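I set down here what I looked up in this structure, entry by entry. The sequence and model come before the notes.

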Amino acid sequence: MKKYFIPPIKNSWVFFTALLLVSILSYSAILIPREISFLKIFSVLARYNSTRFLPISAILLLAALSLKDRRLSVIATALVLFPLFSLALNGLWAGAYSENYILSGLLPRSDAFGFYTGSITLLENGFLSGMASRRPLYGGFLAFILWITGGNLQITLATIVFITAAVCFFSTLEVKKALNPSAAVLYFIILFLFIRRFIGITMSENMGFILATSSFTLILITLRKFKQNPKTGIPFFLFSTLLYSLSQAARPGAVVVLPLLVLFSGWLWKGKGKLSWKLMLIVTIVVIAGFGINTLIYSATTLGETVQMNNIGYGIYGLAVGGKGWEQIFTDHPEVNSLEPGIREQRIMEIVLHEITSHPENFIKGLFVQFKVLFSFQPTNSLFSFVYSKNIIFSYGLVSLFFLLSAVGIVTAVVQWKKPFNTFILLLTLGFLSSLPFAPAFQTRYMRVYAASIPLLGILPAFGLYTITQHLPEKIRNFYFFRKPKQEKTSSAAVIFTVILVSVILIGPIAVKQFSPSESPSHPGCPEGQSEVVLRYYPGSSIHIFKNTPDIMTWVPNITQLDYKGSIHNICCGDEIIYFENIPAPNALFPTINLLNSNHMYMIVDSSLLPEKKTLLHICGRIEDVHGELSNSGFLYPQTISAIQ
C-alpha cells in the first residue's frame, strides 16, 4: 500500500485552500516589523547578495522539489519560495534602503514616482497621467491594487510582490514537470535574480515579467496537454498567446516572438503534413486582440493627450549610428525634444530611416556592438548582467555557466528540433534575437527592456542542464534530483490563478475609473504668496524620519536620520541627493499629487499633523524645486493643513 506524508484529499479545493493559506502566512510573517537581527541580515542577503544567499536557497528549493510525495513537495516548495520574495522585499523595508528608483525602502522616485503618481490620478481624478498613461495595463493595475488597499503603498507593494512570487511558483513547478527538479531550480534562480531588483518598486517591468512568466507557464501546460490529446491544448495555447501579447503591450521587448507563435501553432497542430491555416488565423486574431485590449484600456482610462510608445525610435537611432546609447538622438538632433508628442515620434522614425538608408554600414556596426556587449561579461548591459554581485569571481563563474548551459540547450534543441518543446525553445530564441534591432537591449541596464523575455533566459540554461543530466551514468540519473517526474495532471490552481489575475488586470482599471470622484474637491483658496494644494493622504504611504535615539528602530515606515542619510547617496543625481539629505528630522515624507492640477510632489511635514485615516486635505504652503526655487511641483512645505469634509 502506498504511504502518504499528506493524507489523500478527495476534494482538491481543500488542498488548494491549504496551499493558499500556507503561501500567504509564510510570505507575510516575514514582513512584520520586529527587532530580530538575523531576520534583517537574511533579508538584506536576499535583496543584495548572491554568493551566500543563492547556494542556500538553491539547496532548500531543490530538496523541496525533489520530495517524492507530490502534495508534500508542492507545500514545501511554497514554504521555500514565497519567503524568498518577502525576504527580498524586507531587505528594503528592514533597513529602509534607498535605490535609484526608491527612497528609504518605500517612496517611489524617478520613473517609479511617475508611475505611482500617474496611477493615483486614476483613483482621484478618473484618468491615468504621466508615465502611467504610457503603460495603461500596469498603471491601471497599480491603481486598482491601491484602490483595494485604501491607498496603502506598503500593502500594495506587498500584494504585487506576492503575485510575482505566485507566478514564479507555478512556473517553477511546470518546469519541474517538463524537465526535472534541478533544472527547475536553475530556472527559478534566473527569474529571481532578475526580478528581485524590481521587488517593492512601482516599475512597469513587474507587469511585463508577471504576464510573460504566466504565458510561459501556460505554454508548458499546453505542450503537456498536447501529448495527451492535441486538441485539448489549443485553449491553453490561445490563452498563453494572449498573455504574451499583453506582456509586450505592457513592456515591449521581444515582439518578433508574436508572429513566430502564429507559425508555431500552425506547425504544432498541422493536419496531413500541412500547416493549420485556420488555427494560425485564430492565433493572429488573439495577438491583435492583446494590443487591442491595451488600446481600449488606454482609451478608457486616459485623456488621450499622451502617446503610449513615446520613446519609440530612441534605441533604434542609437543602434543606427553605430551602437550608441538611446539618448544619442538628443545630442545629434536636440530639436526633436521640443516637438509635440506624436509628431516627435514620427520625426524620430523619419530620422532613423534616413540614417539606416544613408549609412547602412553604421547600422550593421551597431548590431555588432550590441551582440558584442550582450554576449560578454559586461556587468551592467550584458545578457546576464542582472546576475552580477560584488564577488567578481562568483559572478563570472555563474555567468559562464549560464552561457555554457544555454549553448548546450540551443544545440540540443537544434539537433532534436522535431520535439515540440525543443521547437518552442528555438522559436523563443529566434524571436529574441530578431527583436534586438527593434528593441536594443544593450542600451539599458540589467536587461530591463526584456523583462517580458526573462523566462527564455531561464529555460535555455535549465534545458541545457537537463540535457547534461540525461547523459550521466544511470545510477546518478535515477536520483530524484535529475529524474523527470512521471506524468502529472494539469495544475488547475495555476490556470485559475492566471484567469483571476488577468481579469483583475483588464477589469480593475475600469472599475477604479467608475468609482473615482465625479466632482472636483472644494477649495477655499490660500493667502497671497502661498500655493494651494488639495491632496489625499494615504496611511502606509509615507516614511517618518526621526532623530537618532536608541528607542527608534529603523524599519519602514520609521527610519533614523543616520540610516536615512546613509543610503541616500545611492540615488541619482547630485542636486537631488543634496536636497534629500538636508531634509531635517523629525519629519514625514510622502509622494502625492495636487488634485487641483495633477502636479506631483513630495510633501514634507511634521508627522503629528497627519491624520490617522485616509483623508482629503486642503493645504496652503510653499512648493519648491531641488534648488529651493518656487515651483508648481517638487517639494511641498505646508503652512496650514485642514481636513475637507
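Entry 1, surface. I computed that the chain exposes about 27,400 Å², of which carbon and sulfur atoms supply 64%; accessible areas come from the Shrake-Rupley method with a 1.4 Å probe, and for residues only the protein chains shown count as cover. I note that this is a predicted model, in which local features need pLDDT of at least 70, side-chain atom pairs count only at pLDDT 80 or more, and totals for chains, interfaces and linings use all residues. Residues are numbered from 1 along each chain as its sequence is written, and side-chain values use heavy atoms, with hydrogens and water left out.

Along its principal axes the C-alpha trace spans about 80 × 65 × 50 Å.

Of the 645 residues, 57% are buried (under 20% relative accessible area; exposed is over 50%, partly exposed in between; 1.4 Å probe, protein chains only). Among contacts (heavy atoms within 4.5 Å) with a separation of 6 or more, 71% join residues 24 or more positions apart.

I checked the length of α13, residues 277-301: its 25 residues should span 36 Å at 1.5 Å a residue, and the end C-alpha atoms are 36 Å apart, which agrees. The expected span is 1.5 Å times one less than the number of residues. Buried residues of α13 include Leu 279, Val 283, Gly 290, Asn 294 and Tyr 298. Their cover includes α5 (110-125), α11 (234-250) and α22 (492-515).

Is Lys 278 buried or exposed? I record Lys 278 as exposed, because its relative accessibility is 68%. Its C-alpha atom is separated by 40 Å from that of Ser 129, 149 residues apart along the chain.

I located Glu 99 in the loop between α4 (70-93) and β1 (102-103). Glu 99 counts as buried because its relative accessibility is 14%. Leaving aside neighbours within four places in sequence, Glu 99 has contacts that include Arg 47, Arg 109, Arg 197 and Asn 570.

Key. Helix = DSSP H or I, 4+ residues; strand = E, 2+ residues; numbered from the N terminus.
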